[in-house]
Amino acid sequence: MRFRVMCALTAALLALSIGGCVSQNFRDEIQIEVKPASKRNPAPDFEVKDANGQAFHLADYKGKVVLLNFWATWCGPCKVEIPWFIEFEKNYKDRGFAVVGVSLDDDGWDAVKPYIESRKMNYRVALGSMQIERLYGGGEGIQSLPTSFVIDRDGKIADVHVGLISRNDYQNELEELLH
Amino acid sequence: MNSKNFFISAALCTLAGAVAGAQTPGVLSVADPAKLNVPRGGELTGSLKLQLQPGYHVNSNSPNEEYLIPMRLTWDSTAVETVSVQYPKPITEKSDFSEKPLSVFTGDFEILTKFRRAPKASPGPGFLHGKLRYQACNDKMCLPPKTLEVKVPLLVE
């Protein structure tokens, strides 16, 4: 009996490890798509100040598609996305779209403002706080950067991306939501 | 498979799934440091052995890009003074997100620190407290900078 239990455990572990590999590969290949509207949760509102000192609420963007991007100046993969977001802001602004960047830099505006200027970031950037991080990342806050939330015109989260995805994946999702 | 075996397998799957899906708040672990005996004269060397999860890197103490957060080990003690901190030779790694190759540490590595007895050190046992600041990434994402607290037992002769 003990032998049979051990065999079952071994088989389960093996299946699990193979399954993990397969599902990882599968995830890499599947097309990223927004959630169906019925399964979307509201994006929690927060108030922050942008680089010009102007206070705003995320809820101010209701009626627009928003790409809420948590990032930091020390994050290499975040650096890759910034030119895409600049382009999205420029190309889709008139169709009711906005990027909102939330920086998680400990050094605050001293680190972020020069970065915004050097990269010519044309979208609104705010500084994050633990309160905002908990709203979007749970008790421990946002644990990986970049983390981006794609929010629909009703203020609901249509998709979440932890880590770098392709520019095309973002573009396809935005096109679908802006349609 | 009978019901008992199925139940065990299901429980294992659930547990493994939970672990695999968990965030990675600490990808760098420190082995328990060996006790330091501080002699009356001369210098001594302390070793800090570190292990980084596969797939991740941490910036070295001298990253190639200004915006990257370097690894820093600092010590605080009344018993010893830090003479020098010797980091391992970094690995140069090409990354999709950096034009310049990255200067990083990966896998298992060791940081050596040379100490000498502080002039006002009192003989007897105590602890040496250290802080290791680091920032880890993989090829798709970065984790927030972290500071690990290190406690090394020591005996001042």
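Q: Which cysteine does Cys75(A) form a disulfide with?
A: In this predicted model, Cys75(A) is linked to Cys78(A), with 2.2 Å between the sulfur atoms. The link is right-handed, with 80 degrees about the S-S bond.

Q: And are Cys75(A) and Cys78(A) buried or exposed?
A: Cys75(A) is buried, at 0% relative accessibility. Cys78(A) is buried as well, with a relative accessible area of 1%.

Q: How many disulfides are there over all chains?
A: Two are found in the whole structure. Chain B holds a disulfide between Cys137(B) and Cys142(B), with the sulfur atoms 2.1 Å apart. Its S-S torsion is about 95 degrees, so this disulfide is right-handed.

Q: Changing topic, what is the strand order in the sheet of chain A?
A: The order is E1-E8-E7-E4-E5-E6, an open sheet of six strands with mixed pairing. Strands E1 (41-42) and E6 (124-127) each have a single partner strand, so one side of each lacks a neighbour in the sheet.

Q: In which sense do E7 and E8 of chain A pair?
A: E7 (residues 147-151) and E8 (residues 156-162) of chain A are antiparallel, over five bridges. Thr147(A) is opposite Val162(A) of E8(A).

Q: Now helix H3 of chain A: which residues are buried?
A: They are Val112(A), Tyr115(A) and Ile116(A). Seen down the axis of H3(A), these fall within an arc of 100 degrees, so they line one face of the helix.

Q: What do the buried residues of H3(A) pack against?
A: They pack against strands E4 (65-71), E5 (97-103) and E6 and helix H2 (76-92) of chain A. The face turned away from the buried side of H3(A) carries exposed Asp110(A), Glu117(A) and Ser118(A).

Key: Residues are numbered from 1 along each chain as its sequence is written. Chains are lettered from A and ligands numbered from 1 in the order in which they are written. This is a predicted model: local features need pLDDT of at least 70, side-chain atom pairs count only at pLDDT 80 or more; totals for chains, interfaces and linings use all residues. Side-chain values use heavy atoms; hydrogens and water are left out. Two strands pair if DSSP finds at least two bridges between them. Helices (H or I, at least four residues) and strands (E, at least two) are DSSP runs, numbered from the N terminus. Buried means under 20% relative accessible area, exposed over 50%, partly exposed in between (1.4 Å probe, protein chains only). The arc is that of the directions from the helix axis to the C-beta atoms. Contact means heavy atoms within 4.5 Å. A disulfide is a pair of cysteine sulfur atoms within 2.5 Å.
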